[in-house]
Amino acid sequence: MPTKVNAQHILVKTEDQAKEILAEIQQGNSFEDLAKAKSLCPSGKKGGNLGWFSHGQMVKEFQKAAFDLKKGQVSQPVKTQFGWHIIKVKDTQG
């Protein structure tokens, strides 16, 4: 399991919104552009970029999903106390 992950995400309020965005990504739309247009997180302005993080820096559900993905993979919708996330892993270390 990697010790650090460099990830981006898109945060929305509902599972349906997250599923719609995931479908757009799977159809070839840009993750970065969708993050800028639709994410509720301030990171959306930067294409959803969260930079590097280690275990213990993110809420449990988000962390598990991010660390389970391989470089370049996009998650299914992930629910946390903040809403619904689509996560894309840009790179891993360790």
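Contact here means heavy atoms within 4.5 Å. By this criterion, and leaving aside residues up to four places away in sequence, Thr80 of this predicted model touches Val59, Glu61, Phe62 and His85. Thr80 belongs to strand β3, which spans residues 78-80, and its relative accessible area of 4% falls under the 20% limit, so Thr80 is classed as buried. With one of the residues that Thr80 touches, His85, there is also a polar contact, made between the two side chains at 2.7 Å.

A search of the whole structure returned two aromatic pairs. In one of them, Phe53 and Phe62 are arranged in a tilted geometry, with 6.2 Å from centre to centre and 55° between the planes, and both of these residues are buried. In the other, Phe53 and Phe67 adopt an edge-to-face geometry, with a centre-to-centre separation of 6.0 Å and an angle of 80° between the planes. Because Phe53 is located in strand β2 (residues 49-54) and Phe67 in helix α3 (residues 60-68), this pair ties together parts that are 14 residues apart in sequence. The relative accessibility of Phe53 is 2%, so this residue counts as buried, and Phe67, with a relative accessible area of 4%, is likewise buried.

Charged side chains were examined next, and the count came to three salt bridges. Within helix α1 (residues 15-26), Lys19 and Glu15 lie four residues apart, about one turn of the helix, and they form a salt bridge in which the closest N and O atoms are 3.6 Å apart. Lys19 is partly exposed, at a relative accessible area of 44%, and Glu15 is also partly exposed, at 34%.

A salt bridge between Glu24 and Lys38 has its closest N and O atoms 2.8 Å apart. Since Glu24 lies in helix α1 and Lys38 in helix α2 (residues 31-38), the pair ties together parts that are 14 residues apart in sequence. Glu24, at 21% relative accessibility, counts as partly exposed, as does Lys38, with a relative accessible area of 36%.

Helix α3, which also holds Phe67, contains both Asp68 and Lys64, four residues apart and about one turn of the helix. These two residues form a salt bridge whose closest N and O atoms are 2.7 Å apart. Asp68 is partly exposed, at 44% relative accessibility, whereas Lys64 has a relative accessible area of 55%, over the 50% limit, and is therefore exposed.

How values were computed
Residues are numbered from 1 along each chain as its sequence is written. This is a predicted model: local features need pLDDT of at least 70, side-chain atom pairs count only at pLDDT 80 or more; totals for chains, interfaces and linings use all residues. Side-chain values use heavy atoms; hydrogens and water are left out. Helices (H or I, at least four residues) and strands (E, at least two) are DSSP runs, numbered from the N terminus. Buried means under 20% relative accessible area, exposed over 50%, partly exposed in between (1.4 Å probe, protein chains only). A polar contact is a pair of N or O atoms within 3.5 Å; within protein, one must be able to donate a hydrogen and the other to accept it, and residues adjacent in sequence count only if both atoms are side-chain atoms. Rings of Phe, Tyr and Trp (its six-membered ring) pair if their centres lie within 6.5 Å; planes under 30 degrees apart count as stacked, over 60 as edge-to-face and the rest as tilted. A salt bridge is a side-chain nitrogen of Lys or Arg within 4 Å of a carboxyl oxygen of Asp or Glu.
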